[in-house]
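Subject: Handover of a structure

Dear colleague,

Please find below the structure that I am handing over to you, together with its sequence.

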Amino acid sequence: MSAPLAPLLETRGVVKHFPLHRTASEFLRGAPARAIHAVDGVSVSVAAGETLGLIGESGSGKTTLGWVIARLYPSTGGQVLFDGVDVSRLSGVHLRRWRRNVQVVFQDPVGSLDPRLRVWQIVGEPIQAQESVSRSRLRERVAELLPTVGLPSDCLDQYPHEFSGGGRQRLSLARALSLSPRLVVLDEPTSALDVAVQAQILNRLVTLQRERGFAYVLITHNVAAVRFVADRVAVMYLGQVVEVGPVRDLLEHPAHPYTKALLAAVPVADARRRRARYRVTGEIPTLVRPPPGCRFAARCPFVIDRCRVEEPPLREVPGRPGRQAACHRVEEVGDIPPETLRTQAPPLPEAAVAAP
Ligand SMILES: Nc1ncnc2c1ncn2[C@@H]1O[C@H](COP(=O)(O)OP(=O)(O)OP(=O)(O)O)[C@@H](O)[C@H]1O
Ligand code: SF4
Ligand SMILES: [Mg+2]
C-alpha cells in the first residue's frame, strides 16, 4: 500500500497573538503583559489542487490565520509546513524565494490596489519583485495573463478607478496568479461585489483551479460560495478550529454545536428545508483572556461542567468519515439537527438559545 500523499500546506498548532501595549499605570503596577489570542493552536491541511473553506463569525481569526499561512504575519508558535518545510523559520532570500508559492487576494479590491499605478504595473508587481524582467517583457506577460481572469489584454495602461468592483477584483486575482503560485489565500474575494459578479468570479476561480491546479484557502462568510468552491471546510470560533470535514457532509450534518448555530443563521432558499432559526446568546468570551475549557461553553446549549474546565480536542466524529469536531459531547449532539435544538437540548439556561 502506498503512503498517503503529504499535504501541500499543513499548519501544526499555529498560534498568533497580538501583544497589547500596557498603560503606564499597568506597567508601574507590574501587571502582566497581555495579548489578543487571535489564532490559538490551529492545525489544518490543504492538498495540492484542493480548496479549504474557512468560515466562522467575525473576529474568529480567519484572516489572521490566512496571513500567517502566507507569511504576511510571523506566527507566535506552532509550525506552517509547505511541502514539508517549516516556512515560519524562513528568512532573507529563502523567504523571498518562497513567497512566489503563496499569494493572497484581499477582500477590498479598492484598498489593495494602488490608485496611482497602471494595470501592467499592478499586475506585474509580484513578477518584478521576484525576477529581473524588462518593461516590454513584463507588459507582454501581463497582457497574456489578463484574459485568464476575464479581462481584455489591451487594458494595460488603465488605472484601477476605471474598472468596476468586479473588474478590480479580477485585477487582484491576476496579480495573485502572476507568479503561478501553488496556493492562493482568498480573503472574502467576492463580499464587496453584487451577486451576479460574485458568481462570475467564483466560476472563474473554479475554472482556473481545474486548468492550473491551484490550491485555495477560501475565507468567507458566504456559505453558498463555500459549498460551490470548497472541497473541505474548517469552522473557526475564537481563534480555534472547532470542526473540519468534507464540505457537503459538514454543511448538511453539522456536528459541533457552534457550527449548528452558525449554519442555522444562514437563510435557506428552499422552503421545505428551511431551518427553524435560533441564535445563541450569552457573552462572547474575550480573546485577551480566553476561558479555560471549551471556548463555546458560555453560549452552548449543551454545556456540562466538564466543558468549563477541560478543553475538547479535535477528534473524529463517529460515523462520519473525514470529519473532526472539538466537542466533548459530539456523540450525543452530532445527529441533532439545528432546528430541534430547542426541544432536545439538555437543561438549557433560558438565555442560551432564544428565538430571534
Ligand atoms: N494587526 C492586529 N493587531 C491587533 N489585533 C488584531 C490584528 N489583526 C486582527 N486582530 C484581532 O484578532 C482577532 C481576529 O481577527 P481576524 O481579522 O483574523 O478575524 P476574522 O475572522 O477575519 O474576522 P472578519 O470575519 O470580521 O474578517 C480580532 O479580535 C481582531 O481584532
Ligand atoms: S464541549 Fe461542551 S460547551 Fe463545548 S461545544 Fe461541546 S457541549 Fe458545548
Ligand atoms: Mg477577516
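Leu-54 stands opposite Ile-219, a residue of strand E9. Please keep in mind from the start that this is a predicted model.

Strand E4, residues 51-55, and strand E9, residues 215-219, are paired in the parallel sense, with 4 bridges between them. Both strands belong to an open sheet of 8 strands, whose order is E7-E8-E9-E4-E10-E11-E14-E13 and whose pairing is mixed. Which strands form the edges of this sheet? They are strand E7 (102-105) and strand E13 (315-316), each of which pairs on one side only.

Two helices may be described together with this sheet. Helix H6 packs on it and touches E7 and strand E8 (183-187). The direction of H6 makes about 175 degrees with that of E7. Helix H10, residues 257-264, lies across E4, strand E10 (232-237) and strand E11 (240-246).

An aromatic pair

A pair of aromatic rings is described by the distance of the centres and the angle of the planes. The count of aromatic pairs in the model comes to 8. One of them is formed by Tyr-237 and Tyr-258, with 4.5 Å from centre to centre and 45 degrees between the planes, and it is tilted. This pair links distant parts of the chain: Tyr-237 is in strand E10 and Tyr-258 is in helix H10, 21 residues apart.

Helix packing

Two packed helices are described by the angle between their axes and the distance between the axes.

For helix H6 (residues 165-177) and helix H7 (residues 195-212), the axes come within 10 Å and cross at roughly 20 degrees. Angles under 35 degrees count as roughly parallel, so H6 is roughly parallel to H7. The crossing of these two helices is right-handed. On the side of H6, the contact is made by Gly-166, Gln-169, Arg-170, Leu-173 and Leu-177. On the side of H7, it is made by Val-197, Gln-200, Ile-201, Arg-204, Leu-205, Leu-208 and Arg-212. The residues of this contact of H6 with H7 comprise 6 nonpolar, 3 polar and 3 charged.

Helix H6 also meets helix H4 (residues 119-130): their axes come within 6 Å and cross at roughly 35 degrees. Here Val-119, Ile-122, Val-123, Glu-125 and Pro-126 of H4 meet Leu-171, Ala-174 and Arg-175 of H6. The residues of the contact of H4 with H6 divide into 6 nonpolar, no polar and 2 charged.

How do H4 and helix H5 (residues 135-145) lie, and at what angle do their axes cross? The axes come within 9 Å and cross at roughly 105 degrees. Angles from 65 to 115 degrees count as roughly perpendicular, and H4 and H5 are therefore roughly perpendicular to each other. The H4 residues in this contact are Val-119, Trp-120, Val-123, Gly-124, Ile-127 and Gln-128. Those of H5 are Arg-135, Leu-138, Arg-139, Arg-141, Val-142 and Leu-145. The contact of H4 with H5 contains 7 nonpolar, 2 polar and 3 charged residues.

The pairings of strand E1

Strand E1 (residues 9-20) takes part in several antiparallel pairings, which are listed here with examples of bridge partners.

- With strand E2 (residues 34-42), E1 pairs in the antiparallel sense over 7 bridges; the partner of His-17 in E2 is His-37.
- With strand E3 (residues 45-46), E1 pairs in the antiparallel sense over 2 bridges; Leu-9 has Val-46 of E3 as its bridge partner.
- With strand E5 (residues 77-82), E1 is joined by 5 bridges, and the two run antiparallel. Glu-10 stands opposite Leu-81 in E5, and Thr-11 has Val-80 of E5 as its bridge partner.

Strand E5 is in turn joined to strand E6 (residues 85-86) by 2 bridges, and these strands run antiparallel. The bridge partner of Leu-81 in E6 is Asp-86. Where in the hairpin of E5 and E6 does a residue take a positive phi? The hairpin has 2 residues between the strands, and Asp-83 takes a positive phi near 55 degrees.

Yours sincerely

Conventions
Residues numbered from 1 in each chain as written. Chains lettered and ligands numbered in written order. Predicted model: local features only at pLDDT ≥ 70, side-chain atom pairs only at ≥ 80, totals over all residues. Heavy atoms only, no water. Axes fitted to C-alpha atoms, helices over the stretch in contact; angles between N-to-C directions. Parallel < 35°, antiparallel > 145°, perpendicular 65-115°, else oblique. Left-handed = near helix turned anticlockwise from the far one by under 90°. Contact = heavy atoms within 4.5 Å. Nonpolar A, V, L, I, M, F, W, Y, C, P; charged D, E, K, R; others polar. Pairing = 2+ DSSP bridges. Phe/Tyr/Trp six-rings, centres within 6.5 Å; stacked < 30°, edge-to-face > 60°.
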